[in-house]
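The remarks follow the model shown here.

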Amino acid sequence: MIFQSFSKKQLQALSWWYRGSPYASYTAVICDGAVRSGKTLCMSISFFLWAFYQFQSFAFCGKTIRSLRRNLITPVLPILKELGFQCHIHYSENCLSVIFQGRKNRFYLFGGKDEGSAAMIQGITLAGVMFDEVA
């Protein structure tokens, strides 16, 4: 994949977590803006990099698991592979295993279309969650 240069805002979204960033102590990052402005792409790449920088066991939450795969997982996997990550989707577990430099992380996929969806994520210990297209 070929990228054009990132905007200042996109670079902030890509590197908010990095030691030395003025935003490194933040516990949440919210991006809003125009459709097709690169929010999901920048935040998903940043989320994977942050995950490997510090922790293990994460989740992606969206309206449905299907929309997560379509909007987030499918576009970002080729980029991660190009960066040297090994990725494997476990469809029956709604989980993505990612290996980078000998370190393995698991990313669980959760849909949240109604109040009952919260029961699916309760009881799991996670280091972080990325929410896609949520209100």
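1. Relative accessible area is classed as buried under 20%, exposed over 50% and partly exposed in between, with a 1.4 Å probe and protein chains only. Phe 100, at 22%, is therefore partly exposed. The model is predicted: local features need pLDDT of at least 70, side-chain atom pairs count only at pLDDT 80 or more, and totals for chains, interfaces and linings use all residues. Residues are numbered from 1 along each chain as its sequence is written, and side-chain values use heavy atoms, with hydrogens and water left out.

2. Confidence is given as pLDDT, the predictor's score for each residue from 0 to 100. The protein has a mean pLDDT of 86, with 99% of its residues at 70 or more. Where pLDDT is low, the predicted coordinates should not be read in detail.

3. Five strands form an open sheet in the order β2-β3-β4-β1-β5, with mixed pairing; two strands pair if DSSP finds at least two bridges between them. The edge strands, β2 and β5 (128-131), each pair on one side only. From one strand to the next the twist averages 20°. Strands β2 and β3 run antiparallel and are joined by five bridges, and His 90 stands opposite Cys 95 in β3.

4. Helix α3 (residues 65-82) packs on the sheet and touches β1, β2, β3, β4 and β5; contact means heavy atoms within 4.5 Å. The direction of α3 makes about 155° with that of β4. Such angles run from 0 to 180 degrees between N-to-C directions, the axes being lines fitted to C-alpha atoms, for helices over the stretch in contact.

5. Phe 100 lies in strand β3 (residues 95-100). Not counting residues up to four places away in sequence, Phe 100 touches Phe 52, Leu 83, Gly 84 and Phe 85.

6. Which cysteine sulfur is closest to that of Cys 95? It is the sulfur of Cys 87, at 12 Å, too far for a bond, since a disulfide is a pair of cysteine sulfur atoms within 2.5 Å. Cys 95 is buried, with a relative accessible area of 1%. By this rule the count of disulfides is zero. Cys 31 is likewise in no disulfide, the nearest cysteine sulfur, in Cys 42, being 7.8 Å away. Cys 31 is partly exposed, at 34%.

Definitions and conventions: Helix = DSSP H or I, 4+ residues; strand = E, 2+ residues; numbered from the N terminus.
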